[in-house]
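Reader: Could you take me through this structure? I would like to ask about a few details as we go.

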Amino acid sequence: MKFLSRIFEIRTDKGPQFVDITDRVVEAVRQSGLENGFAVIFSKHTTAAIRINEAEPHLIADMEQMLEKIVPSCHEYAHNRYAHAVSSNGERPNGHAHCQQLLLGASEAVPIVAGQLMFGRWQRIFLVELDHGRDREVVVHLVGE
Ligand code: ZN
């Protein structure tokens, strides 16, 4: 059994933003030489999620609208009042981004079979930025043989 970890450093431009990281994950699996196992793709952040969906621009606009509708950025969040009070410690008024991330989740796992990630035809992996553009880290942990 082998274990391999990579960290992808990703600069996002805005929130929300769906950043397609599929090609980088595929390349990491190819370089690993793993034949069978799985890849865990994990966001190290509380306001950026990892999700699998389709990279169709109109659909991405729909998904961005859905996030804003379910958890509006203009709502009053207790976290925002707290962040304003302690802004010197780096907290930001981004309650909507935390609540949206709670719904989406921090990771996805994808099986590796015969050296290939077992994606369906339309599946892509996204880092979903929910706050503002910034530096992000995504851990890709590969397990298998
Ligand atoms: Zn915050």
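**The zinc site and beyond**

Author: In sequence, the residues that donate to the zinc ion follow the spacing H-x14-N-x3-H. Please note that this is a predicted model.

Reader: Which protein atoms are the donors of the zinc ion?

Author: The donors are NE2 of H79, OD1 of N94 and NE2 of H98, and they lie 2.1 to 2.2 Å from the zinc ion.

Reader: And N94, is that buried or exposed?

Author: N94 counts as buried, because its relative accessibility is 4%. H98 has 25% relative accessibility and therefore counts as partly exposed.

Reader: Let me change topic. How many aromatic pairs does the structure hold?

Author: It holds 1 aromatic pair. The ring centres of F18 and F126 are 5.6 Å apart and the planes stand at 80°, so the pair is edge-to-face. This pair links distant parts of the chain, since F18 belongs to strand β2 (residues 17-20) and F126 to strand β7 (residues 124-129), 108 residues apart.

Reader: Are those two residues buried or exposed?

Author: Both F18 and F126 are buried. As for strand β7, 5 of its 6 residues are buried, so the strand is largely enclosed by the rest of the structure.

Reader: Which strands pair with β7, then?

Author: Strand β2 pairs with β7 in the antiparallel sense over 4 bridges. Strand β4 (residues 48-53) also pairs with β7 in the antiparallel sense, over 6 bridges.

Reader: What stands opposite F126?

Author: D20 stands opposite F126, and R51 stands opposite F126 as well.

Reader: What about charges over rings: where does the charged end of R24 sit?

Author: The charged end of R24 sits over the ring of F8, at 4.5 Å from the ring centre.

Reader: On to helix α1. Which of its residues are buried?

Author: In helix α1, which covers residues 22-32, the buried residues are T22, V25, A28, V29 and S32. Seen down the helix axis, these residues fall within an arc of 130°, so they line one face of α1.

Reader: And which exposed residues are on the face turned away from that buried side?

Author: That face of α1 carries the exposed residues D23, R30 and Q31. Just after α1, G33 takes a positive phi of about 75°.

Reader: Which other residue has a positive phi although it is not a glycine?

Author: That is A114, with a phi of about 50°. A114 lies in the loop between β5 (107-113) and β6 (116-117), and it is partly exposed, with a relative accessible area of 49%.

Reader: Where is the cis peptide bond?

Author: The bond from G15 to P16 is cis, with omega near -5°. P16 has its place in the loop between β1 (2-11) and β2.

Reader: Lastly, the cysteines. How many disulfides are there?

Author: The count comes to 0 disulfides.

Reader: How exposed are the two cysteines?

Author: C74 is exposed, with a relative accessible area of 69%, whereas C99 counts as partly exposed at 34% relative accessibility.

Terms used. Residues numbered from 1 in each chain as written. Predicted model: local features only at pLDDT ≥ 70, side-chain atom pairs only at ≥ 80, totals over all residues. Heavy atoms only, no water. Donors = N, O, S within 2.8 Å, 3.2 Å for Na, K, Ca; no water. Buried < 20%, exposed > 50% of the residue type's maximum accessible area, 1.4 Å probe, protein only. Phe/Tyr/Trp six-rings, centres within 6.5 Å; stacked < 30°, edge-to-face > 60°. Helix = DSSP H or I, 4+ residues; strand = E, 2+ residues; numbered from the N terminus. Lys NZ or Arg CZ within 6 Å of the ring centre and 35° of its normal. Arc of directions from axis to C-beta. Pairing = 2+ DSSP bridges. Disulfide = S-S within 2.5 Å.
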